[in-house]
Every structure is written in structure tokens, then in C-alpha cells.
Amino acid sequence: MTAFKTPRLAIRTGLYTALSGVISYNAALLPVYDSAAIPENAVKPYILLGSQTDTPNNSKDNFGFDSTVQIEAVTSSFGNNQAGEKAANTIMQSIHAVIMPDRTTLGFSVSGFNVYTMELDSVRVIQILSGTEWIIREISMFRIKTFQN
């Protein structure tokens, strides 16, 4: 019998691997950070793997999970928040194209788990004015249903 495990690390590793070194903006590759490990000197724009929840959804035969994961495109602009929002949206569209190339294809793997569905649950934008800098975060929430192999 397979030992019980959660998909948290496998999902985050799969997303990090799929997005690292592939998304660019203004000809610069964007770094991908985990929300627990953003360097103090991180230069915007960047991609952030945000919060994640993993809710058990077991069957009699499998350990299953309904997971939600936030992915953020973090940008900034000075004096004009619309420029930062446009950049965040452009980056997020690239992220969507990588991890969900179409309705039936998953653009990353989740080691040790079968992914049954992945859906875009919601998108929101947060704008924060810090001095003269606008920090823009476009946040996509994805819902992923997995069963352990």
C-alpha cells in the first residue's frame, strides 16, 4: 500500500520547473520565487508562487486532493499604475499559456500524482502605492484536482 502524502511540494515543484527560464518581459527572463523565499533585493517584474491549500478528497481506492494555488505576476511602475497593470497582465497571459496551453493539456507535471482537472478559478489585481512606486500584483487562482499514484 502506498503511504499517504500531500501534493503541495509536487505541485509547486512542477509549476516552478515549468515557469523558470521561460517567461520573459521586455526581453528579460523573469525569475520565479516561492512566497516563502523572496530575496530582499528582488527586482520587479517577477513571478511568485503564492499561497496554496490542499483539501483531502479521498475515494475508497485513492488519496485525492482538491488544491488551490495562487500564481502572481508582480510588477511596478513610477507615477503610472496603468503601465504596471498592463505589464502584469501581459506576463500573466504568458504564464497561462505555459501551464494551461489549451483546455485539455497540462503544461507541467506533478510527480507522484495524477492530475484529473485544472481550472482557472479567479483573477484579481492588487495595486499598492509605496511612495512614488506603484506595485501591481495580478493574481491567478488555479484549482487542481489530483490523486496519488
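In which loop does Asn26 lie? Select Asn26 to begin, and you will find this residue in the loop between β1 (24-25) and β2 (28-29), where strands (E, at least two residues) and helices (H or I, at least four) are DSSP runs numbered from the N terminus. Although Asn26 is not a glycine, its phi is positive, at about 50°.

The model is predicted, so local features need pLDDT of at least 70 and side-chain atom pairs count only at pLDDT 80 or more, while totals for chains, interfaces and linings use all residues. Residues are numbered from 1 along each chain as its sequence is written, and side-chain values use heavy atoms, with hydrogens and water left out.

Next, select Pro45, which lies in the loop between β3 (32-34) and β4 (46-56); the peptide bond that leads from Lys44 to Pro45 is cis, with omega near 5°.

Now select helix α1 (residues 8-19) together with helix α2 (residues 81-99), which pack at an angle of about 115° with their axes 10 Å apart, the axes being lines fitted to C-alpha atoms over the stretch in contact and the angles running from 0 to 180 degrees between N-to-C directions. That angle makes α1 roughly perpendicular to α2, a term that covers 65 to 115 degrees. To see where they touch, show Leu15, Ala18 and Leu19 in α1, which meet Ile95, Val98 and Ile99 in α2, contact meaning heavy atoms within 4.5 Å. By class, this contact of α1 with α2 has 6 nonpolar, no polar and no charged residues, with Ala, Val, Leu, Ile, Met, Phe, Trp, Tyr, Cys and Pro counted as nonpolar, Asp, Glu, Lys and Arg as charged, and the others as polar.

Methods
Angles under 35 degrees count as roughly parallel, over 145 as roughly antiparallel, 65 to 115 as roughly perpendicular and the rest as oblique.
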